[in-house]
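Colleague: I have a two-chain model open and some questions about it. Could you take me through the contacts and the surfaces?

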Amino acid sequence: MATRIQFENSCEVGVFSKLTNAYCLVAIGGSENFYSAFESELADVIPVVKTSIAGTRIIGRLCAGNKNGLLVPHNTTDQELQHLRNSLPDQVVVQRIEEKLSALGNCIACNDHVALTHTDLDKETEEIIADVLGVEVFRQTIAGNILVGSYCAFSNRGGLVHPHTSIEDLDELSTLLQVPLVAGTINRGSEVIAAGMTVNDWTAFCGSDTTATELSVIESVFKLREAQPTAIVEEMRKSLIDSYV
Amino acid sequence: MAANMFVVPQTQGTVLCCKCGILMAPNPANMCVTCLRCEVDITEGLRKHVTIMHCPECDCYLQPPRTWLKAQLESKELLTYCVKRLETDLKKVRLVNAEFIWTEPHSKRIKVKLKVQKKALNGAILEQSYVVEYVQQDHMCESCTRFQANPDQWVASVQLRQCVSHRRTFFYLEQVILKHDAAVHAIKIKQMDRGIDFFFGNNSHALKFVEFLGKVVPTDKGKRSQQLVSHDTKNNSYNYKYTYSVEISPICREDLICLPPRFAVSLGNFGPLVICTRVTNNITLLDPFTLRQCFLDRDQFWRYSFKSLLSSRQLVEYDVFNVEVVSPEYNVGGCKYVIADVEVARVNNYSKLFCVRTHLGHILKPGDRALGYDLYGVNSNDNELDKYIDLVVPDVILIKKSYEEKRQKKRGKPRPWKLKSLNMELDESSEEKMGLEYEEFLRDLEENPELRFNLSLYRDRDYQPSEIASMADDDDDVPSVPLEELLADLELSDVEDGEDSMRE
């Protein structure tokens, strides 16, 4: 289910939040509206954590993570790190990494199995990513842009990339990521996909400027229409239970 | 490593338009053109209706604040004018194309289709065309109003006078004015006794003309007088008619002058009898016996304001019998002179032979005819001459060589060149005398190249050189205008009405 929200009158919700399958991080805003939007969707299922990173509110672009772990930049304060470790579930490993490119959200795009990174990332950082997040790491560009984390957003079910991506690139990325990809826009024609939305396997949050066309594209590529958290359980139940009584 | 790397061919994919959902190629706005056009109107805030003023008498359009531009319907000038009226609007967008849409000629509407470009969202450049309608309002321009009220209305006039008995200066001045287009703004030009009157619609035009005159002929400063025409008590503004009175110095070329004693002394005992050789805005005086030259500018002249003793009407013909060169050739101010002793006698009185000194030794040969002043026989009533007590006055002063005989052979043969003339109202009474003087003036032009310097001579299209005796002409040494100096007459300049395309 895709929802349209705003953070303090800005439609770039992917900048101020980070959504994964195991947790959700939200920036501290002036009013509680942003936080309550997430809470109403996700409260029972996964923890929604209010935080700042390096004293800023642009947490979505500074950190990268999936259900296995969370990577934060070197300028995260100790209190923030501690707060994150306390609030997130125990199986999520929170790791601070020393990396020159500190906006990890712009440099790394990942789901639970594969990650795409900035071409100039350190070798050690790549190893840490593979280790902490438990993913396969590929260095890639999207439509000629090296900031892969900004220009694409993908989950385990599908992905949305920069509208100028050529067909050959789209095929190549799709093969790497093993998910269906589509080129499209967000927030009424904006090309910066990951800044305008945040997505996990069953829900997505988009900026309020997103048109109906864009929303339908998102819902179809990320397969959100039928997806409810319980639906996953239902599928599993069908295979577990032999017969109805 | 191979120099040419394998580059994967890139085909552009398609995205859905974010508004209407149709497939399209991605563009900076990521909206299809139709949606973009609905979204953004780049002609917003631009004027679509403009009022322009048109003068029905002279078909001019007003460019505020005061310029009237003449233009035909559906012409390039009109298009430029219409686009210029929208200047403030067109600063915001970029103009790509402009053209007229046909409207009925008497509908008083002009329609112009403009195509403009502007940057829209996200850097996409959008192109759009729109129509601007101009409503023509009739309003007479100031000059037509003034003309309608009183056709003879002038605001400033310049009265140019010269107190001499011939009109040579005015013929010459006419040609100089034509060459420099100094009288383009004159409403009317009238020939008067001993002068010309110029009428202008604007005081500044008259002032400019007076200044121009000061540069080409030696005039005095000019006196101005004004006459009150009307007085607006509420605005405290006054309308005047201005009249400038300008006098040209009475000294002309080939005049014999006796300088006042004080003036001669101040110039370093410059021989009191001098000839005037050249008149531009300075007067050039030549002492024929010492070959000293002196220049007077107009301030100097008008301080002493002397008159000439004898002028070119009193020239008399002499036959030259003997020439004895006395001095080598001197170059005085560009002209060569040789002092010689000559024996001359008047053509109609061979009895008296005069032996005189002259400066024309370089061109006179025995058997020639020369023109000069007869001081032996003349009865001059001149104050200045009387002031000199022990002055030896020569009997004859020769001025120039005469080509009269040779001209007799060429009489009736046309000249290969012609002059233009100003649009003057002529004084009918003196037409015959004028014809003779004009002929003399043309001869003067032929003989003196320096006189032609400031003028434009035009090739006469109608001139056919006669086949008979063309050989004889070549041997003649009558001076004539060389062909290189003649200007080919442009077809356009034949239209000599006073209409300008720009009027204030």
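Modeller: First, a definition: a salt bridge is a side-chain nitrogen of Lys or Arg within 4 Å of a carboxyl oxygen of Asp or Glu. This is a predicted model, where local features need pLDDT of at least 70, side-chain atom pairs count only at pLDDT 80 or more, and totals for chains, interfaces and linings use all residues. Residues are numbered from 1 along each chain as its sequence is written, chains are lettered from A and ligands numbered from 1 in the order in which they are written, and side-chain values use heavy atoms, with hydrogens and water left out.

Colleague: How many salt bridges does the rule find across the interface of chain A and chain B?

Modeller: Over all chains, the search finds 23 salt bridges. Polar contacts do cross the interface of chain A and chain B: 7 residue pairs, both at pLDDT 80 or more. A polar contact is a pair of N or O atoms within 3.5 Å; within protein, one must be able to donate a hydrogen and the other to accept it, and residues adjacent in sequence count only if both atoms are side-chain atoms. For salt bridges across the interface, the number is 0.

Colleague: What is the area buried between chain A and chain B?

Modeller: The size of an interface is often given as the accessible area lost when the parts come together. Buried area here is the accessible area (1.4 Å probe) that two parts lose on being put together, summed over both. By contact (heavy atoms within 4.5 Å), 17 residues of chain A meet 21 residues of chain B. Carbon and sulfur atoms give 50% of the buried area, which is about 1300 Å².

Colleague: Which three residues supply 36% of the area that chain A buries against chain B?

Modeller: Elements come from DSSP runs, numbered from the N terminus: helices are H or I, at least four residues, and strands are E, at least two. Helix 8 (167-177) and helix 10 (212-221) of chain A are the elements that give two or more residues to the side touching chain B. The three that supply 36%, more than any other three residues, are A:Glu168, A:Arg188 and A:Thr213.

Colleague: Is A:Ile186 buried or exposed?

Modeller: A:Ile186 sits in the loop between strand 13 (181-183) and helix 9 (193-196) of chain A. Leaving out residues up to four places away in sequence, A:Ile186 touches several others, among them A:Val192, A:Met197, A:Cys206 and A:Ile218. Buried means under 20% relative accessible area, exposed over 50%, partly exposed in between (1.4 Å probe, protein chains only). Because its relative accessibility is 0%, A:Ile186 is buried.

Colleague: Which residue of chain B forms a salt bridge with B:Arg47?

Modeller: B:Arg47 is partly exposed, with a relative accessible area of 34%. The closest N and O atoms of the bridge are 3.2 Å apart, and the partner of B:Arg47 is B:Asp89. B:Arg47 lies in the loop between helix 1 (33-39) and strand 3 (49-55) of chain B and its partner in helix 3 (residues 87-90), so the pair ties together parts 42 residues apart in sequence.

Colleague: Which residues do salt bridges that share partners join into one network?

Modeller: B:Glu254 bridges to B:Arg253 with closest N and O atoms 3.5 Å apart, and to B:Lys400 at 3.3 Å, N to O. B:Lys400 is in strand 24 (residues 396-401) of chain B and B:Glu254 in the loop between strand 13 and strand 14, 146 residues apart. B:Lys400 counts as buried at 19% relative accessibility. The network joins B:Arg168, B:Arg253, B:Glu254, B:Lys400 and B:Asp444.

Colleague: Which residues make a nonpolar surface patch of about 300 Å²?

Modeller: Patches are made of residues with over 30% relative accessible area and no salt bridge: like charges are joined within 9 Å, nonpolar side chains (Val, Leu, Ile, Met, Phe, Trp, Tyr) within 5 Å. One member lies in strand 22 (residues 349-358) of chain B: B:Leu353. B:Leu353 counts as partly exposed because its relative accessibility is 43%. The patch is made by B:Phe321, B:Tyr350 and B:Leu353.

Technical notes:
Accessible areas come from the Shrake-Rupley method with a 1.4 Å probe; for residues, only the protein chains shown count as cover.
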